[in-house]
Amino acid sequence: LLKLKNKPNAILATSDHITTTLLLLLNKMKIRIPHDMALVGFTNSNLSEVLNPPLTCVYQPAFLIGQMAAQKLMNLIVNKKRVTEFETTVLPTQFFARNSSLNPSVT
């Protein structure tokens, strides 16, 4: 992606582990975060705030997601019913805007 004529101006990674690895690699390539490219991750671990720049993150309640999925699976197993209808559950999500995605020319 970084060799394209029209490079991306942001990357959204699926975990803080991947995002921190990207931060390291982009720094080695002399790509400045957020000046040259914004960076956003998931999870919002404690590490997010101490990175340079602090990492913008999306937080979803992973434990609750797993707990609810396990409960739904157990109900399917116990009730031995065929699934004919699907359910959507919306859980609270938080967005933590930090310096890794803030445009320095706007602030």
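Colleague: Why is threonine 56 called buried in this model?

Modeller: Buried means under 20% relative accessible area. The model is a predicted one, and in it threonine 56 has a relative accessible area of 0%, so the residue counts as buried.

Colleague: Where in the chain is threonine 56, and which residues is it in contact with?

Modeller: Threonine 56 belongs to strand 3, which covers residues 56-59. Leaving aside neighbours within four places in sequence, its contacts include Leu39, Val40 and Gly41. Phe95, Phe96, Ala97, Arg98, Asn99, Ser100 and Ser101 are also in contact with threonine 56.

Colleague: How far apart are glycine 66 and aspartate 36, in sequence and in space?

Modeller: They are 30 residues apart in sequence, and their C-alpha atoms are 36 Å apart in space.

Colleague: How many helices and strands does the chain have, and what is their order?

Modeller: There are three helices and four strands. Starting at the N terminus, the order is β-α-β-α-β-α-β.

Colleague: How do you know that the chain is more spread out than a compact globule?

Modeller: For 107 residues the globule rule gives 13 Å, while the radius of gyration of the chain is 19 Å. Along the principal axes, the C-alpha trace spans about 55 × 30 × 25 Å.

Colleague: What makes a set of residues a nonpolar core, and which residues form the largest one here?

Modeller: The members must be buried residues of the nonpolar kinds, joined through side-chain atoms within 4.5 Å. The largest such set has nine residues: Leu23, Leu26, Ile31, Ile33, Met37, Leu39, Leu51, Leu55 and Cys57. In soluble globular proteins, nonpolar side chains tend to be buried together.

Colleague: Which residues is isoleucine 31 in contact with, leaving aside its neighbours within four places in sequence?

Modeller: Isoleucine 31 is in contact with Leu2, Leu26, Asp36 and Met37.

Terms used
Residues numbered from 1 in each chain as written. Predicted model: local features only at pLDDT ≥ 70, side-chain atom pairs only at ≥ 80, totals over all residues. Heavy atoms only, no water. Helix = DSSP H or I, 4+ residues; strand = E, 2+ residues; numbered from the N terminus. Rg over C-alpha atoms; globule rule 2.2 N^0.38 Å. Buried < 20%, exposed > 50% of the residue type's maximum accessible area, 1.4 Å probe, protein only. Contact = heavy atoms within 4.5 Å.
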